[in-house]
Amino acid sequence: MTDSPPTTKLPAQSPPVDPAETEAVGGRAAAGVGRLSWWHGDGGEGAKRNLALIGVLLALFVIGAATRSDLYSNPDWVWANMLSILKLASVVGVVTVGMTFVIIGGGIDLSVGAIVALAGVWCTTVATQSFGAGGMIFTAIIVGIAVGLVNGTLIAYGRLVPFIATLAMLVAARGLAAEISQKQTQISQNSTINGIASTDLLGIPLLVYILAAVVAAGWVLLNRTTFGRRTVAVGGNPEAARLAGINVRLHTLLLYALSGLCCGIAAIMLTAQATSAQAAMANLYELDAIAAVIIGGTLLSGGRGTIVGSLLGVIIFATITNLFAINGLSTEAQNMVKGGIIVAAVLIQQIQFGSLSQFFRRNRLTTS
Amino acid sequence: MTGNDVVSGTGVSPAEAPAEGGEVVLRLTDVVKTFPGVRALDGVQLEVRAGEVHCLLGQNGAGKSTLIKVLAGVHRPDSGHVEWRGEAVSFANPQAAMRSGIATIYQELDLVEDLSVAENAFLGHEPRRFGFIRRGHMASRTRQILGRLGHAEIPPNRMVRALPAAGKQVVSMARALSHEARLIIMDEPSAVLAHDEVENLFRIIRELTAQGIAVIYISHRLEEIREIGDRVTVLKDGRTTAANLPARETPTSDLVSRMTGRTIEYVFPDRPTESVVGDDLLQVDGLTRSGEFADVSLSVRAGEIVGIAGLVGSGRSEVLETIYGARTAEAGSVRMAGRALRPGSVGAAVKAGMGMAPEERKSQALLLGEPIYRNVTLATFSRYARFGFTDASRERAEADRIAENLEMRPRDVRRAVRTLSGGNQQKVVVGRWLLGDTKLLLLDEPTRGVDVGARAELYQVIRQLAAQGVGVLLVSSEVPEVLGLADRVLVMREGRVVRTAPAGELDEDTVLDLVMAGSLMEGAPA
Ligand SMILES: Nc1ncnc2c1ncn2[C@@H]1O[C@H](COP(=O)(O)OP(=O)(O)OP(=O)(O)O)[C@@H](O)[C@H]1O
Ligand SMILES: [Mg+2]
């Protein structure tokens with residue numbers, strides 16, 4: 001079809017292969033086909049991407065079952081393994097929720113890993129630990145928000161490009177974390193904090209509940225509140241948002257603060273897991289988070305994205321890590337596969353939108 | 001010919017001299033194109049002859065742009081036949097259509113803003129040697145084409161971003177001419193052009209047709225079709241309802257009723273007999289931005305419609321944007337109901353009750369991927385929200401009301417704005433400010449691309465708002481619109497207000513004379 005000469009006979013019923021139509025997919029899902037109306041909240045395209053991601057997860061599960069059938073034959077182990085995957089995903093997952101907002105809002109935050117480290121180190125200094133668990137949590141969150149506000153101010157009011165501003169912050173925040181910790185590993189003596197990572201409720205780790213709560217809050221914030229609506233507007237068409245009376249700069253500032261807040265929460269979780277903090281912690285979290293957001297179907301250029309997609313992206317990465325671990329393979333090979341997965345996920349989405357959606361549509365047209 | 005079957009009555013015979021001259025180069029039979037949930041084309045017939053200007057008429061959403069996208073290779077028809085110069089064709093992509101001699105100027109300009117004029121004109125078919133683009137050659141050919149278009153002053157190496165809307169239109173025309181096209185399709189080219197630019201466009205079209213090139217011309221302005229068109233094909237709901245009507249002789253009422261299926265007295269709503277004009281609402285004094293406009297003073301009272309007439313580039317849009325705070329004034333003041341507004345703050349203006357429908361719907365107003373209702377409520381959604389939670393059903397209901405008032409098609413407000421036709425997108429932009437408690441409406445080209453029927457509806461709505469005490473400041477390139485709708489008219493030229501008068505005291509010719517930078521008018525009273 002593609003390499004046909006410029007002029008060919010028109011078949012009586014030529015299949016509608018049409019690149020321009022792919023753009024209209026959202027419109028179709030939103031076109032009010034009654035039984036699909038639950039898609040509206042997250043956007044029709046998003047829901048379909050998410051189905052594809054769930055397919056990837058299932059495939060990974062099958063690969064795991066095929067390579068380690070001995071382990072997978074035990075249902076208890078499978079359940080425990082799933083929980084450990086979620087636990088593995090929890091910290092990056094929380095960071096990714098904040099990142100999703102920033103990216104939908106048309107920006108990017110490269111400093112998330114560094115903020116986690118700074119918040120982790122700051123909340124485990126001897127002085128902070130003397131205030132107890134509450135003081136440590138408060139400190140981590142305030143440090144996260146404060147750094148986010150600095151990012152946001154530089155970008156929204158200082159007109160720095162987000163990439164540059166947060167890259168600078170990445171370097172600076174890790175430097176400050178090393179300074180505060182004297183490059184030492186700071187042990188957390190607080191059993192309440194450490195307990196966050198080791199406590200189970202109803203057989204499920206507390207960390208997983210925290211992730212679920214942050215994801216749920218993020219979903220509501222994005223899909224049901226004016227804040228979420230502004231985020232989409234500011235990322236989708238900042239000029240239109242501005243002319244509609246939305247304070248684009250203030251909102252941009254808030255987005256980075258939100259990302260910082262998520263980093264603060266993640267810092268507590270990670271510190272609890274390691275029962276310590278150090279300047280090199282949460283290394284390269286920014287890449288994991290951005291990759292998960294992209295795999296989740298959020299446009300890097302802003303204006304569109306889903307929280308659920310990002311969550312699935314994080315879980316896919318954690319599952320791959322787990323898969324390599326249970327098969328005793330090296331982390332180097334694992335990183336190569338992760339890189340491949342990023343490319344594959346994007347390709348799958350494109351194929352899905354090109355031919356697959358056409359296929360579904362044609363079938364629906366003929367059946368309706 | 002199938003097209004003739006649907007033509008009925010009123011002495012319709014393809015008797016136009018120029019049309020008779022050329023042979024049929026393009027023939028479409030029963031072309032169907034569906035989008036999910038919409039039959040955009042539902043059996044279209046079209047016949048175009050060499051050397052004629054064939055006009056396409058139809059309401060917003062009738063399928064005109066879809067039809068030309070089928071011809072241009074952007075869309076593939078689901079069924080039907082396209083015969084181009086005696087051969088059945090189906091273009092796999094726009095390049096294929098261009099290679100076979102069909103060039104298109106789209107309704108929504110498709111220029112790459114960060115490339116130069118020459119690069120845009122030759123995008124995709126740059127002159128090359130050994131794989132390298134021949135920049136000098138490309139620039140000189142561009143200069144030559146621009147000269148032919150009467151715009152030798154546009155430098156070929158200027159970034160397109162830096163050009164005004166009319167300049168971009170010229171570049172997109174230059175792109176069409178850079179191909180050896182036998183058919184040039186123009187989708188509402190005049191919508192962004194000022195009066196004199198339209199004259200220039202017509203001169204170019206006449207040159208092209210004299211060389212035997214066929215032109216398909218789309219416009220909602222009937223007087224343009226009378227002036228430039230040879231034959232007219234009318235589309236309604238994706239179907240050809242009349243084909244090959246003579247462009248000059250067919251009565252307007254006939255065209256309109258074939259387009260809309262009803263008769264429209266598309267006149268302006270009556271001005272209220274007793275004066276409903278209230279207190280001063282907007283007071284602008286000595287507003288200045290160097291290089292754009294200087295010393296602009298005006299006032300709008302509650303319930304009053306004030307029109308600004310002027311050419312593109314006369315500073316009228318800039319004045320509107322500055323009043324709204326989207327640009328920061330260098331001097332002068334803007335007061336709403338007596339209180340000075342902070343310069344350069346849209347937030348302050350909106351809080352004071354202003355709303356502005358900007359000139360460029362795509363870049364300045366719309367979230368294309370978002371549903372209609374979210375675009376309509378973009379400025380008001382937080383008012384419907386409770387404790388920060390949006391109320392989607394309320395928003396849909398409000399948007400639905402607007403969609404009904406403005407005859408939006410399709411009426412489903414959950415549809416993405418991207419899938420709407422140009423005129424319907426425009427209704428979304430204007431509709432946004434008909435919600436909420438806007439006290440002063442700033443409308444920049446509110447009827448750009450809107451069809452005659454919906455236009456009459458929009459005028460009604462604006463008049464009704466005024467009757468309720470809303471002040472309106474209207475900018476339009478169409479002088480009859482300003483004169484017909486406004487109570488008071490300001491004429492701007494080169495960044496200055498050259499005349500203020502009640503609309504009744506001005507006529508079209510007077511305004512056009514004032515608007516043109518004629519030396520005759522240099523001494524006009526300010
Ligand atoms: N990509 C798309 N996806 C879904 N529907 C579409 C798409 N493009 C156009 N449509 C629909 O097809 C119909 C015809 O649209 P089209 O743009 O051809 O109208 P038009 O005659 O050019 O109108 P206007 O005068 O407003 O420009 C409309 O109902 C529109 O909503
Ligand atoms: Mg159109």
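Contact here means heavy atoms within 4.5 Å. Helices (H or I, at least four residues) and strands (E, at least two) are DSSP runs, numbered from the N terminus. Axes are lines fitted to C-alpha atoms, for helices over the stretch in contact, and angles run from 0 to 180 degrees between N-to-C directions.

The structure is a predicted model, in which local features need pLDDT of at least 70 and side-chain atom pairs count only at pLDDT 80 or more, whereas totals for chains, interfaces and linings use all residues. Residues are numbered from 1 along each chain as its sequence is written, chains are lettered from A and ligands numbered from 1 in the order in which they are written, and side-chain values use heavy atoms, with hydrogens and water left out.

## Chain B: domains and sheets

Three domains make up the division of chain B: domain 1 (1-101 + 182-264), domain 2 (113-180) and domain 3 (280-353 + 439-444 + 477-526). These bounds come from an automatic or database domain assignment. The centres of domain 2 and domain 3 of chain B, taken over C-alpha atoms, are separated by 34 Å.

Strands of a sheet pair through backbone hydrogen bonds, either parallel or antiparallel. Two strands are taken to pair if DSSP finds at least two bridges between them. In chain B, an open sheet of 6 strands has the order β18-β19-β20-β15-β21-β22, with mixed pairing. Its edges are β18 (354-357) and β22 (496-502) of chain B; each has a single partner strand, so one side of each is left without a neighbour in the sheet. On average, neighbouring strands of this sheet are turned by 15 degrees against each other, direction ignored.

Within this sheet, β15 (residues 305-309) and β21 (residues 488-493) of chain B pair in the parallel sense over 4 bridges. Ala309(B) stands opposite Val491(B) in β21(B). Helix α20 (residues 508-515) of chain B lies across β15, β21 and β22 of chain B and runs at about 30 degrees to β21(B).

Another open sheet of chain B has 4 strands in the order β2-β1-β4-β5, and its pairing is antiparallel. Here β2 (38-49) and β5 (87-88) of chain B stand at the edges with a single partner strand each, so one side of each is left without a neighbour in the sheet. Strand β4 (residues 79-84) of chain B is joined to β5(B) by 2 bridges, the two running antiparallel. Trp84(B) is placed opposite Glu87(B) in β5(B).

| Helix pair | Angle | Axis separation |
|---|---|---|
| α8 (residues 132-156) and α14 (residues 248-274) of chain A | about 150 degrees | 7 Å |
| α11 (residues 206-224) and α12 (residues 226-236) of chain A | about 70 degrees | 5 Å |
| α5 (residues 75-104) and α15 (residues 285-295) of chain A | about 65 degrees | 9 Å |

Angles under 35 degrees count as roughly parallel, over 145 as roughly antiparallel, 65 to 115 as roughly perpendicular and the rest as oblique. Accordingly, α11(A) is roughly perpendicular to α12(A). In this pair, Leu221(A), Leu222(A) and Arg224(A) in α11(A) meet residues of α12(A), among them Phe227(A) and Val232(A). The residues of the contact of α11(A) with α12(A) comprise 4 nonpolar, 2 polar and 2 charged. In this classification Ala, Val, Leu, Ile, Met, Phe, Trp, Tyr, Cys and Pro count as nonpolar, Asp, Glu, Lys and Arg as charged, and the others, Gly among them, as polar.

By contrast, α8(A) and α14(A) are roughly antiparallel to each other. The residues of the contact of α8(A) with α14(A) divide into 14 nonpolar, 8 polar and 1 charged.

The crossing of α5(A) and α15(A) is also right-handed. Residues of α5(A), including Val91(A), Val95(A) and Met99(A), meet residues of α15(A), including Tyr285(A), Ala289(A) and Val293(A). The contact of α5(A) with α15(A) has 10 nonpolar, 2 polar and 2 charged residues.

## Backbone features in loops

Arg409(B) and Pro410(B) are joined by a cis peptide bond with omega about -5 degrees. Pro410(B) belongs to the loop between α16 (392-405) and α17 (422-431) of chain B. In chain A, Thr275(A) has phi near 50 degrees, a positive value in a residue other than glycine. Thr275(A) lies in the loop between α14 and β4 (276-277) of chain A.

Note on methods: A crossing is left-handed if the near helix is turned anticlockwise from the far one by less than a right angle, and right-handed if clockwise.
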